[in-house]
Every structure is written in structure tokens, then in C-alpha cells.
Amino acid sequence: MSRLARSVAKRFGSRWDSVDRKELSRIVAEHPGFVAAWQSENRPAILRVLIRPPVQRPPPPRLHEVVLPQLPTLGDLAAWLEIEAAELDWFADRWRVPAQNATAPLHHYSYKAIEKRDGRCRIIEIPKSRLRSLQRKVLHGLLDRIPTHDAAHGFRRGRNIVTFAAPHGGQAVVIRFDLTDFFASVHAGRVYSAIRTLGYPREVVRAVTALCTNRVPSGRLLAPDVRDRIDWQERQRYRTRHLPQGAPTSPALANLCAFRLDLRLAGLARTVGATYTRYADDLAFSGGEDLARMAERLSIRVAAIAIEEGFAVNLRKTRVMRRGARQHLAGVVVNSHPNLARPTFDALKAVLTNCVRCGPASQNRDGHADFRAHLAGRVAHAVMVNGVRGGKLKAIFERIVWD
């Protein structure tokens, strides 16, 4: 027994808390001393089984200053979420109802098909109220505490489309890439691995992963409004457990799972003397004439890195924008500094001016339920992008007489 204990300690000592029971039993069964004892006339008998208590390991060194909630057991996770253990089992269940039925009340999500510009569609997966409240607790109590890569500007406090676009102002060339099905590309296995690196035990990681991932039932994917507007590859992504677009935890988890992607693309940018930023599924590189000459080779390298990290670049949406043309990222013009596109500014100014002259009802051609909030949002966006030009639009907006 002492020889076996030394052998096990030598092999598993550095990761004892995460050793699987089957892996350990295999080592015991193959040990010569145990084999000899088992084959003898007086076989060893099991006196008692000591269950190893789950332990939350410390996070990786880069997160040593981050205070994470202590959740070593499923009971601790349920108490932290303020629900009963049986409720946690219900919400974290991987699949409880037939996949063919998309409208069963036992499903935790409802689905909505949004049409894209090219006539295809995107499926929005909307968690029901109770699951959404649990996901918000996971987001604010755990995920918001984990820093993402500095190149990521989407879904981060203090970051926005202006901070994403500003580093690329006044460059000779700006190259924009688009990732295909950003959220659906992050499958449950990657989410599990990302949360596991934080030090949580396996059962807790499985439960958190199940709370934050989903797979779309076949019945919804084969519905008439969806069937012919998504291809086979998209359908397979939706059928695999993934980050649902519509869950509050998905943006933070996507940033966390894209950390290695950002790390490698930022390194690639440094090697070619370029600047790199990312806003959700939009990747942007900018630089001088040297970058302009190697734009095609850069596209190949970016696509290869994306594939290796579990994503795919939509090559049809890649744009190489040189200084002589309009350079824009996420709707922000960056030829010299972050600015509104002239047609956008002129169109919004015309609508606001006509609202002052003829009344707002005359300009609500799309039938917005709250036209005032709609215009206020567009004006606020203009102020964020360019304070001077946005201030002019805000002055006109304040002159509108509302009923």
C-alpha cells in the first residue's frame, strides 16, 4: 500500500484535486502489488469508501487579484443563485423534452428569426424570465469580474464603437474582417474549458455551462420561416450546444472564449507593424503602406488563426479600405478621426429639422411606437461619435414640440 501511495502521489500529486476516479482506479488495478494481492487466496476487502470533498482550486496567475465567488459544490452554487438544488438541476438540465418540439412549455428558451440584409436569417434565442435572472447573477457575480483582452471593445464597461474605431484613425489602410456566427461558433465545450480554468470543480462547471448554453430544437430549425434561410453548416451550429444570442451571459463568455484569438491576432499585428482591435465579431487592422502591400497575406493568416481558435472568417465581408476612399468601422468614419458619415449626418439633420417645422408625426414614416425615444437614441449616438456635430443635432432635437 505504501508503494502504491508513493506511485500515485508521484503521478498525480500536482493535480490531485482534479484526478478522475476512473483514472485513479486504473492505476491501482495495474499496480503489481495490487494484482498480486487480488490474485492471492486472501483477496483485499473494501472496508470503507472515503469520498474526496470537492475543492475550488486557485485561479490562474493572471487572475490572482480577482475575487471569485467560492462555489466548491452544487449546493453552494444553488445557494449563491438563491434557488433550491432541485431547481438548479431543472435549469441546468442538458435536454429534458423532445428536440422536435420547439414550442413545449418545458423549453427554457423562445425563438425569433431576424432577417439579414442578404435575405438569410439569424435566430435569436431568448431565455425565459427565471433562467434569464439566473444568467444575470452569473454575469454580474462572476463573469464581469474576469478581465478580457485589451483589444476587445465590445460588451465592456467604458468601451464602445468609438474606442474600437479610434485607434485606426488617419492610417494609410484599414482592413476589416467579420466572423461568421460569432455566438453560435462558441460551443459548450469551449465554455466549459474557459470556466474550468478559473478553478471550479467539474460538477459546478458543468452546471454553469448548462445554464449559459443552449441548442435550438430541430422543430424550430425546420420551421417554414427558417428552413430555407440557413445553410447546413449554420443548422449544425445551432443544433450543438452553444452560446445563445439573446442570453445576458453570452457576450461576456464570448469575449472570454476569444481571449486566445485576441492574443494571437494582436501578436500578428505587432509583427507587421499594425494596430488591432475587435468589437464582437468585427476585427480591424490598420497601418501604413507596408500593411497595404501585404493585405492579401494578412487575410490568409487571420483566417487561419480564426479557424485554429474555433471561429471562421466570412471572406465575402472582408474590406480593404485605403486612404483615398471612406474608411469606416462599425458605422464610424476613421479617415482622420472618429466621425459620422456625411450622408448619415445629413439625413438625421433633415428629419430633425422637418420635425421642428412640420411636427414629429410627419416624419415617423416607419411607425415607431416611441418616435421620441428613437430620435433621442440616434442623436445620442451622434454625440458619442462626434461631440461637436452631435451637439448641433441635439440643439435641433430640443426645439421639437412633442404632443
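Does Ser-250 count as buried or exposed, and at what relative accessibility?

1. Ser-250 counts as buried because its relative accessibility is 1%; buried means under 20% relative accessible area, exposed over 50%, and partly exposed in between (1.4 Å probe, protein chains only). Ser-250 belongs to helix H12, residues 250-257. Helices are DSSP runs of H or I with at least four residues, numbered from the N terminus. Beyond its neighbours within four places in sequence, Ser-250 is in contact (heavy atoms within 4.5 Å) with Phe-183, Leu-243 and Pro-244.

2. On the basis of these values: the model is predicted, local features need pLDDT of at least 70, side-chain atom pairs count only at pLDDT 80 or more, and totals for chains, interfaces and linings use all residues. Residues are numbered from 1 along each chain as its sequence is written, and side-chain values use heavy atoms, with hydrogens and water left out.

3. Helix H16 covers residues 342-358; at 1.5 Å a residue its 17 residues should span 24 Å, and the end C-alpha atoms are 24 Å apart, which agrees. The expected span is 1.5 Å times one less than the number of residues. Phe-345, Leu-348, Val-351, Leu-352 and Cys-355 are buried in H16. Viewed down the axis, the buried residues of H16 fall within an arc of 135 degrees, so they line one face; the arc is that of the directions from the helix axis to the C-beta atoms.

4. On the other side of H16, Arg-342, Pro-343, Arg-357 and Cys-358 are exposed. The cover over the buried residues of H16 includes helix H17 (371-385) and helix H18 (387-397). After H16 comes Gly-359, with a positive phi near 95 degrees.

5. The largest nonpolar core has 76 residues, of which Tyr-200, Leu-211, Leu-265 and Val-302 touch the most other members. Such a core is a set of buried Ala, Val, Leu, Ile, Met, Phe, Trp, Tyr and Cys residues joined through side-chain atoms within 4.5 Å. Helix H9 (residues 202-212) gives the largest share of this core, seven residues. Apart from it lies another core of 25 residues, including Val-162, Phe-164, Leu-340 and Ile-400.

6. The largest pocket holds about 1,800 Å³ of space. Its lining comprises 41 residues, with Trp-16, Arg-21, Leu-24, Val-49 and Leu-50 nearest the centre. A pocket is an open set of points on a 1 Å grid over the protein atoms alone, where a 1.4 Å probe fits, with protein on both sides within 12 Å along at least five of seven lines; lining residues have an atom within 4 Å of a point. Grid points are joined across faces, edges and corners, and the volume is the space filled by probe spheres set on the points.

How values were computed
Helices (H or I, at least four residues) and strands (E, at least two) are DSSP runs, numbered from the N terminus.
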